[in-house]
Every structure is written in C-alpha cells, then in structure tokens.
Amino acid sequence: MTTRATELLRVVHARPGVTRADAARLIGVGTGATTELVGRLGQAELLAEGPTAPSGARGRPTTALIPHPRGPLIAAASITHEAWRVDVVELGGGTLAGRSAGSQGLGGAEVVAAIGAAVAELRTTFGGRIRGIGISVPGTVSRDLRLDASNLGWHGVDLAAAWPGAEIFVAGNDATLAASAESHRGLAVGASVALHLRIEAGLGGAVVNGGQVLVGALGAAGEFGHMPFGDPAVACPCGAYGCWGTAVDGSALARLLGHEQPPDPVSYARRIIAATDPQPAAATAIVATALGRGIAGLVNGLDPDLVTLGGLGVDLLAAAPDRIDEAYRAGLMGFRRASPPPVLAARLGDDGPLAGAAEEAWTALLAALA
Ligand SMILES: [Zn+2]
C-alpha cells in the first residue's frame, strides 16, 4: 500500500464514518486522487462507502468512509479479576460480536485456554477475517508474553497460548491500555499530559504525554498503586509495605469493616460503595479520602491537564465526590488550587482496557497492511 492509503485507513479508524471530503482534507489529497484511493482500498476489501448522515449543508453530496463488510478484523480480549471477554472489532473500533464468562476459581492457564477456545470459534465464524489479537491483563507482561498478576497469584502465565502462531499478538496491562484508549477515543483526546488511574484489585494507571503512553524502561511504568501512600503496616501482594493500592480498593474496605478478604474483590467493593448504611458509608469515605490525597500527590508531581478514573474509581467518584475533592484540594500545592486539573470518570468506563487492547492490535495491523 502507499503511504497515502495507510494514512487514509488511519483517518477512517480514528473517525469512523468520516466523509470522503473531510478525509481528503485530513490527508491533504485532492478529491480526484481520494476517489482513486478509495476505489483501490475498496478492491482490496479494506474500505467501503456508505451514505452520510444529512448535515443540511449545501453543496455536492459526499459519502462516508466505513469498514469493508469483508474487511480484516481484530480479536480484543480482556482478563479481569472476575471474568474474561473477547470482542471482534472492526476498523474504526466497532464491535461485531463478543464472548465472555466468569473466571472465578480458574487459574491463569485455564482463563487463557477459555479465551483461546473463544478466539478459535470466532475465527471460524468470521471466515478467516480475524487477523490478530490484543489482550488486556491485570498485571505485567514480559517481552515473551508471560503474564504476572501478583493480586491473583499468577506467575509466568503463557498468554501466547490464546492463539499460537498469531500474525499479530499484542498484550498489555489493563490500566495502561485503558489510559491509551481514553486518550484515543475518550475524554483525554488532545490533552498535553493526561493521567489515568484505574482501581480494580489494587490501583494502576498511566501517564499519556502528547498522546504517547509513558511505558518506562522495563515497560512497567504506571504502577502508581505501589507508591507508599498507604498504611506502612499493611503488606501488599507485590512484596512492598504501605502501597497506596491497598488503601483504595476492596481489600481496604474489607480491612476497615473487619471482613475476611473477599474472593471477588471488585464486586465486593462495588456492593460496599453502593451501600448507604453508616458503616459501609464511613469505610467508603475513608477510602475516597485516601484516593483524593494520592491524586493530589500525582498532580503535584506530573502536572497533567486532567485526571480520568476507571474501574472502582468511577464508583467512588459517584458515591463520595466531596470526600475525594476535599482531600484532593487539601493535598494540592497552593498555586494549583484556583484551577485544579479536573478529576473525571473515564468516558470508556469498564470498556477502557478492552478498547485499548483493540487499539494496540489495530495499530499493529495497520502497520502490517502498509
Ligand atoms: Zn504494592
């Protein structure tokens, strides 16, 4: 493919349904050349044209550029502490099909095998159109696609078993992928520096600088939940003491309420945060305060435009916004208080990690098509 053809596919991926006229402007090509380009990409079964939504504007009608009905697809998978899911994602981010199931009590290899079976079935269903896979995981991924998820007690889980020999195989940390997705298709589009935090079992996140996720020297940046903002007496599954993550998640709520550590820490936390009785509400307030204080520390250190919250952060923001805000403002350096960066629920919500996995896989696929 030519560079222009790849650019056109990238434009349609970023803005599905973009008009042919707008796409031509965005890649800086005349209408005649664009018509020719769209024709070639149509023959290659990568792009199709459809009617645009009526805009009321005068002038010659244009068409919308959409994914080809027989075009390539990506399998996007996510593993959480309680479930797995696989979606089939087309150019532009639309979902064509999905499979999911609970994963409680399963080991890492069993979850990967379940995803592998779903992917194999979907590849048959879609007749070879699925060209690669992206997987979001609640832990860190090594270069040879081994997953370590300390909160689940999983070590060295072979992710590649989900699709042995896949042409495109990408995998990454859930919070990092959610941050990337929020910067591509959510509230952080166009931000100079965006901070995304995601609470599930523990807390993770990422800094996105000018649209680029800061990955770190080892690819393990963003483990903000393991900054020592918590109680120094509390041991974290990561091996350290006093981790912030242990002060803001379901384990923190259970400790405050004198409950056993729950086997379903995310669902448990959602139930507690939603409860209005005085005891759970008081525990939620303490956790919300710990969250707000930590966010202040990160904002002081990183100077982001905005902070987006995913996972249980959304629940805490809905249940105790004043506690978060009060602690956040109290921890901010004085000069920031007049107009602090907003702390907002991520637009992509719980879909963020999966959307990020789809983005990563599509980025790799578009590069492979070029
Ligand atoms: Zn830790």
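The model is predicted, so please read every value below as computed from predicted coordinates. Strand β11 has eight of its eight residues buried, and the salt bridges come to 17.

- For comparison, the ideal angle for four tetrahedral donors is 109.5 degrees.
- His226 and Cys238 are 12 residues apart, and both belong to the loop between β13 (212–213) and α6 (250–257).
- His226 is partly exposed, with a relative accessible area of 29%. Cys238 is also partly exposed, at 38%.

- Strand β11 covers residues 193–200, and eight of the eight are buried, so the strand is largely enclosed by the rest of the structure.
- In a regular strand, side chains alternate between the two faces of the sheet. In β11, Val193, Leu195, Leu197 and Ile199 point one way, while Ala194, His196, Arg198 and Glu200 point the other way.
- With β12 (residues 202–209), β11 pairs in the antiparallel sense over eight bridges. A hairpin joins the two strands through one residue, and His196 stands opposite Ala206 in β12.
- With β14 (residues 306–311), β11 pairs in the parallel sense over six bridges. Here Ile199 has Gly311 as its bridge partner.

**Salt bridges**

- Side chains of opposite charge can pair when their charged atoms come close. How many salt bridges does the model contain? The count is 17, and a few of them follow.
- Glu45 and Arg70 form a salt bridge, with their closest N and O atoms 2.7 Å apart. Glu45 lies in the loop between α3 (31–43) and β1 (47–51) and Arg70 in the loop between β2 (63–67) and β3 (73–79), so this pair ties together parts that are 25 residues apart in sequence.
- Is Arg70 buried or exposed? Arg70 counts as exposed, at 52% relative accessibility, whereas Glu45 is partly exposed, at 29%.
- Arg270 and Asp350 meet in a salt bridge with an N to O distance of 3.5 Å. This pair links distant parts of the chain, 80 residues apart: Arg270 is in helix α7 (residues 265–274), and Asp350 is in the loop between β15 (343–345) and α11 (352–369).
- Arg270 is partly exposed, at 28%, and Asp350 is partly exposed, at 49%.
- Arg329 and Asp325 form a salt bridge, with the closest N and O atoms 3.1 Å apart. Both lie in helix α10 (residues 321–331), four residues apart, which is about one turn of the helix.
- Arg329 has a relative accessibility of 35% and counts as partly exposed, as does Asp325 at 33%.
- Arg85, Asp87 and Asp351 are linked in a network of salt bridges.

**Two buried residues**

- His68 is found in the loop between β2 and β3 and is buried, with a relative accessible area of 9%. The side chain of His68 reaches the backbone nitrogen of Arg70 at 2.9 Å.
- Beyond its neighbours within four places in sequence, His68 is in contact with Gly42, Glu45, Leu46, Leu47, Ala48 and Arg129. One of these contacts, Glu45, is the residue that forms a salt bridge with Arg70.
- Ile273 lies in helix α7 and counts as buried, at 7% relative accessibility.
- Not counting residues up to four places away in sequence, Ile273 touches Leu253, Thr284, Leu312, Asp315, Leu316 and Ala319. Ile273 and Leu312 are 39 residues apart in sequence, with their C-alpha atoms 8.9 Å apart in space.

Terms used. Residues are numbered from 1 along each chain as its sequence is written. This is a predicted model: local features need pLDDT of at least 70, side-chain atom pairs count only at pLDDT 80 or more; totals for chains, interfaces and linings use all residues. Side-chain values use heavy atoms; hydrogens and water are left out. A salt bridge is a side-chain nitrogen of Lys or Arg within 4 Å of a carboxyl oxygen of Asp or Glu. Buried means under 20% relative accessible area, exposed over 50%, partly exposed in between (1.4 Å probe, protein chains only). Two strands pair if DSSP finds at least two bridges between them. A polar contact is a pair of N or O atoms within 3.5 Å; within protein, one must be able to donate a hydrogen and the other to accept it, and residues adjacent in sequence count only if both atoms are side-chain atoms. Contact means heavy atoms within 4.5 Å.
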